[in-house]
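Work through the exercises below with the sequence and the structure open. Try each task before reading its solution.

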There are 2 protein chains.
Amino acid sequence: MRQIGIGLAGLGTVGAGVYKHVAQNRALLMERIGVELVVRRAVVRDPSKARVAGPSREQLSTRWQDLIDDPAIDIVVELMGGIDEPLALIRAAVTAGKVVVTGNKALLAEHGQEIFALAAEKRVPVFFEASTAGGIPIIKTIREALIANHIVSIHGIINGTSNYILTRMTDARLDFAEALAEAQAQGYAEADPTLDINGWDAAHKAVILASLAYGFWVGTDQIFVEGIDRLTATDIRFADELGYRVKLLAIIKADAAGPDGTAGSGGIEVRVHPTLIPKHHVLASVSGVFNAVRVCGDVVGETLFYGRGAGQDPTASAVISDLAEAAISLGGARGSYGFTPHGLYGNCRPLEDIRSRYYLRLAVDDKPGVLGQVASILGRHDVGISSVVQPETHDEAGRAQLVLMLDRASHRQMQSALEDILRLSAVMPPPALLRVESFTT
Amino acid sequence: MRQIGIGLAGLGTVGAGVYKHVAQNRALLMERIGVELVVRRAVVRDPSKARVAGPSREQLSTRWQDLIDDPAIDIVVELMGGIDEPLALIRAAVTAGKVVVTGNKALLAEHGQEIFALAAEKRVPVFFEASTAGGIPIIKTIREALIANHIVSIHGIINGTSNYILTRMTDARLDFAEALAEAQAQGYAEADPTLDINGWDAAHKAVILASLAYGFWVGTDQIFVEGIDRLTATDIRFADELGYRVKLLAIIKADAAGPDGTAGSGGIEVRVHPTLIPKHHVLASVSGVFNAVRVCGDVVGETLFYGRGAGQDPTASAVISDLAEAAISLGGARGSYGFTPHGLYGNCRPLEDIRSRYYLRLAVDDKPGVLGQVASILGRHDVGISSVVQPETHDEAGRAQLVLMLDRASHRQMQSALEDILRLSAVMPPPALLRVESFTT
């Protein structure tokens with residue numbers, strides 16, 4: 001199978017994740033894109049540093065120029081951080097005709113215009129899914145999935161640190177300093193959290209989203225940015241009493257004039273600030289370090305995309321999806337024309353074997369001992385009971401309702417147990433049997 | 001600009017939407033894909049039927065074979081409904097080398113294996129974003145954005161009619177028959193709602209998602225399907241008391257053995273049934289006709305995608321995104337290497353002009369007349385008050401808190417009003433001024 005050579009600039013958290021998952025999911029990726037992705041070289045600051053996994057010592061270099069000079073490298077992945085060096089690397093890579101994948105939001109927010117002008121001139125693609133909202137494929141979604149749409153507005157919870165702090169201020173009634181300290185202890189905030197809490201991390205991502213949606217580069221001096229650092233627990237509590245949650249939102253809107261949502265003035269607005277949003281809105285239920293981006297299009301209406309906005313694995317997932325696009329632009333192919341067979345799975349498990357938790361409601365005679373009978377049948381079939389409720393209400397026939405929450409059991413076990421239960425004279429059919437899902441996977 | 005010819009099979013709700021939006025967003029689409037999409041011919045049952053907008057009478061035909069025979073048609077869009085005719089059309093189109101776009105979930109669930117085998121043999125792409133979850137780009141997301149992942153599980157609310165009925169049974173305590181009647185009156189359920197309420201509409205979509213995620217075609221006889229038609233208001237109420245919402249979920253899971261989520265047995269499970277889910281989970285907040293699909297990947301972790309699952313415009317958005325992919329497969333190009341400039345927008349509005357609703361909290365002396373002073377200043381600056389709360393609590397300095405929810409005003413207005421308010425001797429700085437967003441766009 002044809003190999004595509006990758007040069008990794010940066011082996012920090014995300015770079016190491018990319019290396020690991022390209023190796024681990026190698027077979028799957030080959031089936032899905034028809035070429036093999038091979039990391040040929042990585043640039044690091046200190047090659048002697050011990051690493052859990054990664055390229056061999058011979059593949060490490062301290063000079064990014066080595067990635068440009070190596071003819072076996074087709075794709076340069078920039079995950080260095082900072083501005084000047086990554087900018088020099090990307091300029092050199094594009095000029096040398098090497099496809100670029102970057103996750104550097106600050107760089108794009110400040111130099112995106114120059115980078116994409118050069119990319120267009122040299123006809124070399126630059127991919128940047130990992131720059132915004134981590135594992136949420138918001139760049140691909142706006143560029144490709146919503147291609148039929150004028151974007152009416154974008155509302156994003158795109159800083160996980162701020163969202164964690166606000167969630168804890170709301171749920172545990174902590175004040176800002178307490179919540180920040182907790183976020184740092186949990187590893188959700190850096191030792192220097194400045195860019196997260198002053199809103200500028202979110203602002204960089206907002207500039208990228210706005211530029212992508214509206215087709216011109218928005219200057220960082222043209223937007224309004226306010227962080228969560230001056231927010232008080234008092235206002236979060238009052239907002240709660242008024243029916244609102246406080247979220248750090250990036251808000252991007254076209255100055256809509258027409259009924260189709262297109263701009264009258266050609267103007268857009270871009271801002272990042274703590275915002276009260278109605279509790280019942282789905283964005284209000286985005287908690288902890290999760291991110292979410294709501295996009296309104298003139299054709300599709302309201303959409304929302306949710307996931308982890310940072311961290312090694314989610315960000316690596318985004319980088320690798322860009323690597324797949326890059327490989328396809330270099331001659332790979334998305335397998336089999338709309339549907340990719342692969343070798344890992346091949347059968348459906350029979351219903352009888354499928355395990356689930358259950359909610360079971362029975363109409364029973366209102367007399368002692370019925371629960372004991374039901375419980376002993378369940379026990380005999382090895383079905384655990386996690387809780388029992390006997391509501392006060394009776395049905396029209398005067399029967400009591402017995403509601404049981406049951407532990408995980410197979411369909412087979414549950415059906416056998418239920419058959420036996422329905423043989424009890426104190427139990428009247430039909431029972432209500434519903435499955436319960438708690439999203440552990 | 002090069003033209004790509006489209007043949008539309010079906011001009012029902014979705015077909016008419018595709019025609020309308022391809023025409024309305026023509027300029028934008030040309031900028032974004034570098035070719036012009038032109039509907040050359042449409043197949044309808046009755047060409048004499050009056051239509052609000054659509055192709056001219058000469059472009060209408062009653063025979064789908066005319067789409068195959070027309071050499072100016074590059075892409076066939078199948079939106080006819082049914083099974084036999086669409087299958088014959090797609091077979092003929094692929095055989096003739098015409099790219100296919102279809103939104104026919106029942107057809108793919110039953111004949112997907114054959115269709116994609118033919119597509120692979122003839123090397124002709126078949127796109128099907130509109131087949132599942134309407135405006136939510138779940139097919140593209142699983143195929144492309146999550147390409148680095150083994151899919152651990154998929155949980156979908158993918159039948160809007162059922163979700164509307166369940167939402168009304170929960171929020172308004174209606175019983176099933178009442179909620180169904182309301183859904184029909186609102187146009188959210190068809191006169192014959194069988195496939196929606198017995199779970200099979202969702203099941204067809206689940207088969208497509210499972211097949212896409214796991215690389216083999218799942219038979220409709222291999223899955224467990226139970227609809228919402230036997231669900232009682234009683235169980236919804238008890239579930240609520242226990243902390244759960246009831247949703248019709250499609251659940252697809254690999255039989256995970258390894259810590260990386262890959263299947264031990266190579267087996268998967270596919271089922272559709274009413275399911276209790278914890279109230280605090282973001283899926284529980286998906287209300288009314290909205291759809292949502294949660295996807296867990298071994299690399300990306302938990303993600304969720306939300307939007308309208310049906311209707312003319314959202315589904316047209318999905319069809320047109322496939323048309324763009326199809327056009328690109330025929331030689332179009334996604335503009336400008338990662339970033340698409342276009343002509344509609346070009347400036348950021350100054351902050352001073354940006355309008356928003358506000359939450360304003362002031363620490364004030366606890367004496368009569370202060371609210372009147374504040375209100376008259378706001379009135380002078382033309383800032384409306386939508387509500388006022390004076391909480392019982394006082395701050396450490398013994399001052400009362402005055403909380404006002406304000407109507408939409410520009411930043412300029414608000415700043416001037418605030419300056420004047422802070423000149424009042426009864427008001428102590430700092431004020432807390434937060435913006436309020438209610439997602440009307």
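**Exercise 1: A helix and what lies under it**

The buried residues of H2(A) pack against strand E2 (36–43) and helix H12 (312–329) of chain A. This is a predicted model, in which local features need pLDDT of at least 70 and side-chain atom pairs count only at pLDDT 80 or more, while totals for chains, interfaces and linings use all residues. Residues are numbered from 1 along each chain as its sequence is written, and chains are lettered from A and ligands numbered from 1 in the order in which they are written.

Task: Which residues of helix H2 (residues 26–33) of chain A are buried?

Solution. 
- Step 1. Helices (H or I, at least four residues) and strands (E, at least two) are DSSP runs, numbered from the N terminus. A residue is buried if 20 or more other C-beta atoms lie within 10 Å of its own, exposed if 12 or fewer, and partly exposed in between, with C-beta atoms placed from the backbone.
- Step 2. Apply them. The buried residues of H2(A) are Leu28(A), Leu29(A), Arg32(A) and Ile33(A).
- Step 3. Look at their directions. These residues lie on the same side of H2(A), because they cover an arc of only 105° around the axis. The arc is that of the directions from the helix axis to the C-beta atoms.
- Step 4. Go on to the end of the helix. Just after H2(A), Gly34(A) has a positive phi of about 75°.

**Exercise 2: An open sheet in chain A**

Task: In what order do the strands of the open sheet of six strands in chain A stand?

Solution. 
- Step 1. Two strands pair if DSSP finds at least two bridges between them.
- Step 2. The order is E3-E2-E1-E4-E5-E6 (chain A), and the pairing is parallel.
- Step 3. Strand E3 (60–61) and strand E6 (126–127) of chain A are at the edges with a single partner strand each, so one side of each has no neighbour in the sheet.
- Step 4. Take one pair as a check. Seven bridges link strand E1 (residues 3–9) of chain A to E2(A) in the parallel sense. Within this pair, Ile4(A) has Leu37(A) in E2(A) as its bridge partner.

**Exercise 3: A strand with two partners**

Task: How many residues of strand E14 (residues 355–364) of chain A are buried?

Solution. 
- Step 1. Eight of the 10 residues in E14(A) are buried, which leaves the strand mostly covered.
- Step 2. With strand E16 (residues 400–410) of chain A, E14(A) forms nine bridges in the antiparallel sense.

**Exercise 4: Two chains**

Task: What rotation superposes chain B on chain A?

Solution. 
- Step 1. Copies are superposed by least squares on the C-alpha atoms of residues with pLDDT of at least 70 in both.
- Step 2. The rotation is 180°, with 0.0 Å of shift along its axis and an RMSD of 0.0 Å. The two copies are therefore related as by a two-fold rotation axis. In chain B, Phe305(B) has the C-alpha nearest the axis, at 2.3 Å.
- Step 3. Count the contacts (two residues are in contact if their C-beta atoms, placed from the backbone, lie within 7 Å). In chain B, 118 residues are in contact with 118 residues of chain A. Strand E10 (residues 263–278) of chain B gives the most to this side of chain B, 13 residues.
- Step 4. Compare the two sides. The copies meet through the same surface, because 100% of the interface residues of chain B are also interface residues in chain A.
- Step 5. Follow the strands across. Strand E12 (residues 301–308) of chain A and strand E12 (residues 301–308) of chain B run antiparallel and are joined by five bridges. Tyr306(A) has Leu304(B) as its bridge partner in E12(B).

**Exercise 5: A partly exposed residue**

Task: Where does Asp175(B) lie?

Solution. 
- Step 1. Asp175(B) is in the loop between helix H7 (160–171) and helix H8 (176–185) of chain B.
- Step 2. Asp175(B) counts as partly exposed because it has 14 C-beta neighbours inside 10 Å.
- Step 3. Apart from neighbours within four places in sequence, Asp175(B) is in contact with Met169(B) and Ala233(B).
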